[in-house]
Amino acid sequence: MEIHYTAEQLAFRDEVRAFLKQELPADIAAKVKLGKHLTKTDHERWQQILSKKGWYAPGWPVEHGGTTWDAVEKHIFDEESSAAGAPRTIPFGVNMVAPVIIKFGTEAQKQQYLPRILSGEDWWCQGYSEPGAGSDLASLKTRAVRDGDHYIVNGQKTWTTLGQHANMIFCLVRTDPEAQQQRGISFLLIDMATPGITVRPIITLDGDHEVNEVFFDDVRVPVENLVGEENKGWTCAKYLLTHERTGLAGIGSSKAALSHLKKVASKQQKNGKSLLEDVMFRSQIAEVEMQLMAAEMGTLRIVAAASEGGVPGAESSILKVQGTEIRQAITHLLRKAIGPYALPFLPEELEGDYDGEWLLENYSASLASSYFNMRKLSIFGGSNEIQKNIVSKMILEL
């Protein structure tokens with residue numbers, strides 16, 4: 001099963017490859033390929049390069065700074081970027097809140113926020129999950145009470161990815177506690193510098209500071225920061241989540257990881273032969289590769305439908321489950337490939353300035369960390385169990 005590109009698409013692929021070869025900073029690509037930690041500055045450098053080229057927001061309408069790319073061209077760009085070692089796009093601004101603002105926001109909100117997302121002036125984070133409301137998001141309890149021209153927000157959000165870098169957060173808040181769960185929720189845009197906001201780090205299993213808790217204590221938010229109608233923010237939330245879950249399939253990054261897995265396996269020996277020649281291990285790689293090819297085709301179908309004016313539906317839940325399980329399987333096989341050398345976890349080896357001796361190879365340092373980190377994929381963005389319930393109800397009608 002292969003994608004057959006037209007002559008125009010092949011020419012576009014050549015253009016993307018030439019751009020990446022010339023513009024992608026070598027130090028950033030090296031960090032990505034070795035699984036090292038990227039700094040905020042690394043992400044900002046790459047965003048500025050993409051913005052200058054006009055390629056930072058391919059999913060946006062052209063009038064707001066997007067591209068004319070179709071679904072296949074977007075797929076080509078993602079695949080080539082992953083293969084070259086480009087950092088993944090931080091999605092919260094450009095791929096999450098921006099589509100919501102474009103569809104539901106006022107003209108003033110579009111003029112205020114969209115240019116700042118493109119320029120990198122605003123770094124957004126997501127305020128959805130709470131200690132008692134994760135996959136069951138509609139049970140959230142963070143309150144927003146109207147007080148003249150402001151809402152007074154009180155509550156807590158958790159698992160806020162890269163919130164330590166953000167100056168803006170989009171939040172789901174409860175504005176009508178008497179309404180049914182999903183009908184009393186509103187979608188607010190909140191400046192992180194507002195008095196009453198506290199960000200506390202959560203250190204994850206791999207030792208990294210990636211996620212946070214965010215507390216709101218009598219935070220005053222202007223009413224004009226409401227997106228859509230009051231108490232109808234669940235419509236915005238669902239629209240955003242379908243886009244998020246489609247992106248979680250991570251086809252480009254999985255293809256790059258699969259290629260890396262094959263290279264690692266070719267260097268490891270078992271019974272005097274390359275591990276890639278071992279029948280059992282090779283069959284496990286083949287199984288993952290077949291699943292990835294199927295997920296790639298599914299992604300292209302959904303993205304193509306969206307590019308023609310449709311909205312990703314329950315099909316995005318299938319991609320979320322399939323894509324995250326594939327990425328977890330690849331990290332499992334990478335650890336398995338190097339055996340006991342994957343057991344030690346030395347956090348200092350993941351920093352960009354590490355120049356010490358490697359336990360095995362320079363690629364071995366990140367394998368344990370990546371394995372630990374990828375356990376989250378089947379939980380965030382709505383757990384895979386929840387996604388299967390959505391599929392059974394909305395597609396299978398069970």
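This report describes annotated domains, cavities, ring contacts and selected residues in a predicted model.

**Annotated spans**

The record lists residues 6-121 under "domain: Acyl-CoA dehydrogenase/oxidase N-terminal". In the model this span is 69% helix and 0% strand, and its end C-alpha atoms lie 38 Å apart.

**Cavities**

A search of the whole structure returns two cavities of 30 Å³ or more. The largest cavity holds about 200 Å³ of space. Its lining consists of 18 residues. Those nearest the centre of the largest cavity are His-43, Gln-47, Tyr-56, Ile-90 and Trp-123. By residue class, the lining divides into 10 nonpolar, five polar and three charged residues.

Two helices, α3 (40-53) and α5 (91-104), each supply at least two residues of this lining. The contribution of α3 is the greatest, at five residues.

**Aromatic pairs and charges over rings**

The structure holds 13 aromatic pairs. One of them joins Phe-104 and Tyr-239, with 5.5 Å from centre to centre and 90 degrees between the planes, an edge-to-face arrangement. This pair links distant parts of the chain, since Phe-104 belongs to helix α5 and Tyr-239 to helix α7 (residues 233-247), 135 residues apart. Phe-104 has a relative accessible area of 24% and is partly exposed. Tyr-239 counts as buried because its relative accessibility is 15%, under the 20% cut-off.

A further pair is formed by Tyr-371 and Phe-372. Their ring centres are 6.1 Å apart and their planes meet at 65 degrees, so this pair is also edge-to-face; the cut-off for that class is over 60 degrees. Phe-372 is partly exposed, at 28% relative accessible area.

Ring pairs also build a cluster from Phe-12, Phe-19, Trp-46, Trp-55, Trp-69 and Phe-77.

Two arginine side chains lie over aromatic rings. The charged end of Arg-200 sits over the ring of Phe-215, at 4.4 Å from the ring centre. Arg-146 lies over the face of Tyr-151, and here the distance to the ring centre is 5.8 Å.

**Positive phi values**

Most residues other than glycine have a negative phi. Phi of Leu-162 is near 55 degrees, a positive value in a residue that is not glycine. Leu-162 is placed in the loop between β3 (150-157) and β4 (168-174). Its relative accessibility is 12%, so Leu-162 counts as buried.

Asp-218 likewise has a positive phi, near 50 degrees, and is a residue other than glycine. Asp-218 is found in strand β7 (residues 209-222). With a relative accessible area of 53%, Asp-218 is exposed, because the cut-off for exposed is over 50%.

**Separations in sequence and in space**

Ala-84 is in helix α4 (residues 71-84) and is partly exposed, at 23% relative accessible area. Ile-390 lies in helix α12 (residues 384-394) and is partly exposed as well, at 24%. The table gives one partner for each residue.

| Residue pair | Separation in sequence | C-alpha to C-alpha distance |
|---|---|---|
| Ala-84 and Leu-20 | 64 residues | 6.9 Å |
| Ile-390 and Gly-207 | 183 residues | 33 Å |

For Ile-390 and Gly-207 the corresponding values are 33 Å and 183 residues.

Note on methods: Residues are numbered from 1 along each chain as its sequence is written. This is a predicted model: local features need pLDDT of at least 70, side-chain atom pairs count only at pLDDT 80 or more; totals for chains, interfaces and linings use all residues. Side-chain values use heavy atoms; hydrogens and water are left out. On a 1 Å grid over the protein atoms alone, a cavity is a set of points where a 1.4 Å probe fits but cannot get out, and a pocket is an open set with protein on both sides within 12 Å along at least five of seven lines; lining residues have an atom within 4 Å of a point. Grid points are joined across faces, edges and corners, and a volume is the space filled by probe spheres set on the points. Helices (H or I, at least four residues) and strands (E, at least two) are DSSP runs, numbered from the N terminus. Ala, Val, Leu, Ile, Met, Phe, Trp, Tyr, Cys and Pro count as nonpolar, Asp, Glu, Lys and Arg as charged, and the others, Gly among them, as polar. Rings of Phe, Tyr and Trp (its six-membered ring) pair if their centres lie within 6.5 Å; planes under 30 degrees apart count as stacked, over 60 as edge-to-face and the rest as tilted. Buried means under 20% relative accessible area, exposed over 50%, partly exposed in between (1.4 Å probe, protein chains only). A charge sits over a ring if NZ of Lys or CZ of Arg is within 6 Å of the ring centre and within 35 degrees of the ring normal. UniProt positions are given in the numbering used here, feature names are shortened, and annotations may be inferred rather than shown by experiment.
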